[in-house]
Amino acid sequence: MLKVGDKLPEFEGTNQDGETINSSKLIGKKLIIFFYPQANTPTCTVEACNLSDNYSQLKKAGFQLLGISGDSVKKQKNFHSKFAFPYDLIADENRDVIEKFGVWQEKKTFGKTYMGIVRTTFIFDEKGICTRVIDKVTSKTAAEQILEG
C-alpha cells in the first residue's frame with residue numbers, strides 16, 4: 001500500500017461523466033483520494049455523503065477531492081447523480097488505479113476470505129507527496145478524520 005512520503009502514482013481514470021481524469025492535472029492543490037468498495041452500498045454511501053456534506057470545509061482547507069471504486073461508469077454516474085456529489089468519482093473497473101495504490105487486498109467478512117478494496121483515504125500535498133494515509137476510515141466522520149490531521 002502507498003505510504004506517507006510516496007509520490008502520487010501516475011494514472012488516468014474515467015469519471016462518472018465519461019471524462020478522463022489525469023493524475024498529473026491534480027498536482028498543485030492538496031488532494032484527498034478516497035477508495036471505497038462499492039457505490040450505493042450503505043457504508044460507502046455514508047462515507048461519500050459525509051465528505052459531500054463537509055465539502056465546503058474541505059475546500060476551505062485547500063483540498064480537492066476524488067473518490068475511486070471498481071464500479072462501472074454507469075454505476076458511478078447513478079451514485080453521483082442520486083446524491084449530487086460536488087466531486088468526481090472514478091470508475092476503475094480494471095483496477096489499474098486501485099492496484100497502484102495497493103488497496104486491493106485480502107479481506108474477511110463473516111469468516112469468509114476474499115479479495116476486495118480496503119476502504120482507505122490518501123492525502124497528498126501540493127507537490128503530490130502523500131502526507132497521510134487513513135486506513136481505519138470511520139464512514140460517519142470521514143471528513144473530521146481528514147480535517148483533524
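Q: Is Ser69 buried or exposed?
A: Buried, because its relative accessibility is 0%. The cut-offs are under 20% relative accessible area for buried, over 50% for exposed, and partly exposed in between, with a 1.4 Å probe and protein chains only.

Q: What kind of model is this?
A: It is a predicted model: local features need pLDDT of at least 70, side-chain atom pairs count only at pLDDT 80 or more, and totals for chains, interfaces and linings use all residues. Residues are numbered from 1 along each chain as its sequence is written, and side-chain values use heavy atoms, with hydrogens and water left out.

Q: Where is Ser69 found?
A: In strand E4. Helices (H or I, at least four residues) and strands (E, at least two) are DSSP runs, numbered from the N terminus.

Q: And what is Ser69 in contact with?
A: Leaving aside neighbours within four places in sequence, Ser69 is in contact with Tyr36, Pro37, Ala39, Gln76, Ile90, Ala91, Asp92, Ile98 and Ile117. Contact means heavy atoms within 4.5 Å.

Q: Gln76 is on that list. Which residues are buried in helix H3?
A: Gln76, Phe79 and His80 are buried in H3, which spans residues 73-83. Seen down the axis of H3, these buried residues fall within an arc of 95 degrees, so they line one face of the helix. The arc is that of the directions from the helix axis to the C-beta atoms.

Q: What do the buried residues of H3 pack against?
A: Helix H1 (42-53), strand E4 (63-69) and strand E5 (88-91).

Q: Which exposed residues sit on the face of H3 turned away from its buried side?
A: Lys74 and Lys82.

Q: How does H3 lie relative to the strands?
A: H3 lies across E1, E4 and E5, and runs at about 160 degrees to E5. Axes are lines fitted to C-alpha atoms, for helices over the stretch in contact, and angles run from 0 to 180 degrees between N-to-C directions.

Q: New topic. What is the strand order in the open sheet?
A: Seven strands, ordered E2-E1-E5-E4-E3-E8-E9, with mixed pairing. Strands E2 (20-22) and E9 (130-134) stand at the edges with a single partner strand each, so one side of each has no neighbour in the sheet. The twist averages 30 degrees from one strand to the next. Two strands pair if DSSP finds at least two bridges between them.

Q: How many bridges join E1 to E2?
A: Three, and the two strands run antiparallel. Thr14 stands opposite Thr20 in E2.

Q: What about E6 and E7?
A: E6 (residues 104-109) and E7 (residues 112-117) pair antiparallel over six bridges. Lys107 has Tyr114 in E7 as its bridge partner.

Q: Which residue in the hairpin of E6 and E7 takes a positive phi?
A: Phe110, near 50 degrees, in a hairpin with two residues between the strands. Most residues other than glycine have a negative phi. Phe110 is exposed, with a relative accessible area of 85%.

Q: Where is Arg95 found?
A: In the loop between E5 and helix H4 (96-101). Arg95 also has a positive phi, about 65 degrees, although it is not a glycine. It counts as partly exposed because its relative accessibility is 29%.

Q: On to the largest nonpolar core. Which of its residues touch the most other members?
A: Leu51, Leu58, Leu65, Tyr87 and Ile146, out of 22 residues. H1 gives the most to this core, with four residues. A nonpolar core is a set of buried Ala, Val, Leu, Ile, Met, Phe, Trp, Tyr and Cys residues joined through side-chain atoms within 4.5 Å.

Q: What does Ile146 touch?
A: Not counting residues up to four places away in sequence, Ile146 touches Ile32, Leu51, Leu58, Phe63, Thr121, Ile123, Arg132 and Ile134. Apart from this core lies another, of 19 residues, including Leu26, Val103, Phe124 and Cys130.

Q: How far is Ile123 from Leu31?
A: They are 92 residues apart in sequence and 5.7 Å apart in space, C-alpha to C-alpha. Ile123 is in strand E8 (residues 120-124). It counts as buried because its relative accessibility is 6%.

Q: Last one. What does the side chain of Thr45 reach?
A: The backbone oxygen of Thr41, at 2.8 Å. A polar contact is a pair of N or O atoms within 3.5 Å; within protein, one must be able to donate a hydrogen and the other to accept it, and residues adjacent in sequence count only if both atoms are side-chain atoms. Thr45 lies in helix H1.
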